[in-house]
Amino acid sequence: MLLKAPLLLGLIVLVPHVCSSNFVDIDRRTNYFTLCVEFAVFHFNQVYPDEYAYKLLWVRRSQRKEFTLIYLMELELGQTICTKQDEDLENCPLQEGPEEKKVDCTFIVDVRPWFSQFSLLNSTCMQK
C-alpha cells in the first residue's frame, strides 16, 4: 500500500499537465508546422470564393497545443494575379494597386503524420 501512494500522487500531479489545453510558441520552421501552414493555405484557396489564388505573406503566430500535434497559426495571405488552377503559385506575383487584397486568418490544424492526415479544426479569416 505504501508503494501505491507515491504512484497515485504522481498521477494526480501529472494528469492536469497532460490534459492541459495551453498552446505554446514554437519555431516556424518546425517540420509539422510548415506542413500545416501549407495545408491551411491550400484549404483556404479551395473554399474562398475568389477566382484568384492567395499565398502566404507572413506567419504572425506559430503555436502547438501541449502534448499534441495540434497547431495554431495566424497567417497573412495576399491575393496573387494567378488563378487557382495555375501550377506555380509560390512564384506568382501579388496583385498591386486598387486590386490588392490581403486576408488575416487564424487556423487550427490537427496532423496525424503516421497517416499523412491533416484536419482543419477551426478557421477564421478577415479581409484587411
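Let me start with Ser 116, which is exposed at 61% relative accessible area. Exposed stands for over 50% relative accessible area, buried for under 20%, and partly exposed for what lies in between, with a 1.4 Å probe and protein chains only. Ser 116 is not a glycine, yet it has a positive phi of about 55°. It is found in the loop between β4 and β5.

Before going on, the basis. This is a predicted model, in which local features need pLDDT of at least 70 and side-chain atom pairs count only at pLDDT 80 or more, while totals for chains, interfaces and linings use all residues. Residues are numbered from 1 along each chain as its sequence is written, and side-chain values use heavy atoms, with hydrogens and water left out.

Confidence next. pLDDT is the predictor's confidence in each residue, on a scale from 0 to 100. The protein chain has a mean of 87, with 84% of its residues at 70 or more. Contact here means heavy atoms within 4.5 Å.

Now the overall layout. There are two helices and five strands in the protein chain, and from the N terminus the order is α-β-α-β-β-β-β. Helices (H or I, at least four residues) and strands (E, at least two) are DSSP runs, numbered from the N terminus. Of the 128 residues in the protein chain, 28% are buried. Among contacts with a separation of 6 or more, 65% are between residues 24 or more positions apart. The protein chain exposes about 8700 Å², and 58% of that comes from carbon and sulfur atoms; the areas are from the Shrake-Rupley method with a 1.4 Å probe, and for residues only the protein chains shown count as cover.

Two strands count as paired if DSSP finds at least two bridges between them. β2 and β3 form a hairpin with four residues between them. Phe 67 is found in that loop, and it has a positive phi of about 65° although it is not a glycine. Phe 67 counts as exposed because its relative accessible area is 55%.

β3 also pairs with β4, residues 102-112, in the antiparallel sense, over nine bridges. In that pairing, Leu 75 stands opposite Cys 105 of β4.

Which residue in β3 is the bridge partner of Ser 62? It is Met 73. Ser 62 itself lies in strand β2 and is buried, at 6% relative accessible area. Its side chain reaches the backbone oxygen of Ile 26 at 2.8 Å. Leaving out residues up to four places away in sequence, Ser 62 touches Val 24, Asp 25, Ile 26, Asp 27, Arg 28, Phe 33 and Leu 72.

That leaves the cysteines. How many disulfides does a search of the whole structure find? Two, where a disulfide is a pair of cysteine sulfur atoms within 2.5 Å. One joins Cys 82 to Cys 92, with S to S at 1.8 Å. Its torsion about the S-S bond is about 110°, so it is right-handed. Cys 82 lies in β3 and Cys 92 in the loop between β3 and β4, so the pair ties together parts ten residues apart in sequence. Both Cys 82 and Cys 92 are buried.

The other disulfide joins Cys 105 to Cys 125, with S to S at 2.1 Å. This pair links distant parts of the chain, Cys 105 in β4 and Cys 125 in β5, residues 117-127, 20 residues apart. The link of Cys 105 and Cys 125 is right-handed, with 115° about the S-S bond. Cys 105 is buried at 2% relative accessible area, whereas Cys 125 is partly exposed at 33%. With the bonded cysteines numbered in sequence order, the pairing reads 1-2, 3-4.

One further cysteine, Cys 36, is buried, with a relative accessible area of 0%.

How values were computed. Polar contact = N/O pair within 3.5 Å; in protein donor to acceptor, adjacent residues only side chain to side chain.
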